[in-house]
Amino acid sequence: MHIPDGFIPISQCIIYWIIALVALYFSVRWASAKLEERQIPLFAVLAAGIFAIQAMNVPIPWGTSGHMVGAALIAIIFASPWAAVLLLSIVLILQGLIFGDGGITALGANILNMGIIGGFVGYYLFKGTKSIGEIPAVFIAAWASIFLAAIACAIEMWIAGTFPLDKGLAMMGLYHAVIGIIEGVLTVVIVLAVQSARPDLFSFKDWGKEKAEVLSK
């Protein structure tokens, strides 16, 4: 899903950069107000883990790639889509500057797709579906976050004139629909592990609340 340099005209890159910078501003404000000092080591460990899983790329026709993202995981654990925006931005900046994974001019678009779209879809879909059960809600949120981010990427490539919309949607959608299943399972496992081992670091304080209320009746 990393878009390289040259795939998007500079005029469009500027628009994506503006969106990304505005989102980064609000994510830094979130960190200043909401990210507790005791959560910073967990934030760093998850950043390293996401950096690693994103290195496992599956080539997709027309030059882009497919991989897991991790935005929903961060948004759910820290109970905010801004956490995902901040962490994914850090990861993407390091990948682009140091490892050449994703273009610098396209960095704004990559942050938009993986951090902003992935984080907001993951967070609000989890909140909207957790009444059906928190575990399936986590899976659905993680799957949808990566799938819709991939669809957004395909649309951006079409707007840029890089490849046709029908082929882009088909290939990006198909690959990430499958990758999303793996991401959903891993997200469930990691969320449950963190919530079980260190509930004090888990920002969704009402985790299990609905189940407890049902059992108490």
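Let me start at G118, which is buried at a relative accessible area of 1%. Buried means under 20% relative accessible area, exposed means over 50%, and partly exposed is what falls in between, with a 1.4 Å probe and protein chains only. Before I go on, the sources. This is a predicted model, in which local features need pLDDT of at least 70 and side-chain atom pairs count only at pLDDT 80 or more, while totals for chains, interfaces and linings use all residues. Residues are numbered from 1 along each chain as its sequence is written, and side-chain values use heavy atoms, with hydrogens and water left out.

Back to G118. It sits in helix 5, residues 107-129. Helices here are DSSP runs of H or I with at least four residues, strands are runs of E with at least two, and both are numbered from the N terminus. Which residues does G118 touch, not counting those up to four places away in sequence? They are A71, A72, N113 and S145, where a contact means heavy atoms within 4.5 Å. L201 is 83 residues from G118 along the chain, and their C-alpha atoms are separated by 22 Å.

Now the overall layout. The protein has 8 helices and 2 strands. Read from the N terminus, the order is α-α-β-β-α-α-α-α-α-α. The radius of gyration is 17 Å, close to the 17 Å that the globule rule gives for 217 residues, so the protein is as compact as a globular protein of that length. That radius is taken over C-alpha atoms, and the rule is 2.2 Å times the number of residues to the power 0.38. Along the principal axes, the C-alpha trace spans about 60 × 35 × 25 Å.

Some totals. Of the 217 residues, 48% count as buried. Among contacts with a separation of 6 or more, 77% come from residues 24 or more positions apart. The protein exposes about 9800 Å², and carbon and sulfur atoms supply 73% of that; the areas are Shrake-Rupley values with a 1.4 Å probe. On charge, there are 11 positive and 12 negative, and their mean positions are 9 Å apart. Lys and Arg count as positive and Asp and Glu as negative, with His and the chain ends not counted. Each charge is placed at NZ of Lys, CZ of Arg, CG of Asp or CD of Glu.

S27 lies in helix 1, residues 10-34, and is buried at 0%. Helix 4 covers residues 81-98 and holds S89. Is S89 buried or exposed? S89 counts as buried, at 1% relative accessibility. With neighbours within four places set aside, the contacts of S89 are L24, A84 and I111.

Helix 2, residues 40-54, contains A48, which is partly exposed at 49%. A48 and I111 are 63 residues apart in sequence, and 17 Å apart C-alpha to C-alpha. A55 is exposed, with a relative accessible area of 52%. From A55 to I135 there are 80 residues in sequence and 26 Å in space, C-alpha to C-alpha.

L73 belongs to helix 3, residues 71-77, and is buried at 6%. Leaving aside neighbours within four places, L73 is in contact with L46, T187, I190 and V191. E183 is 110 residues from L73 in sequence, with 9.1 Å between their C-alpha atoms.

Now two backbone points. Most residues other than glycine have a negative phi. A79 has a positive phi of about 55° although it is not a glycine. Where is A79 found? It is in the loop between helix 3 and helix 4, and at 22% relative accessibility it counts as partly exposed.

The other point follows helix 6. That helix, residues 134-159, has 26 residues and reaches 37 Å from first C-alpha to last, close to the 38 Å expected at 1.5 Å a residue. The expected span is 1.5 Å times one less than the number of residues. Just after helix 6, G161 takes a positive phi of about 80°.
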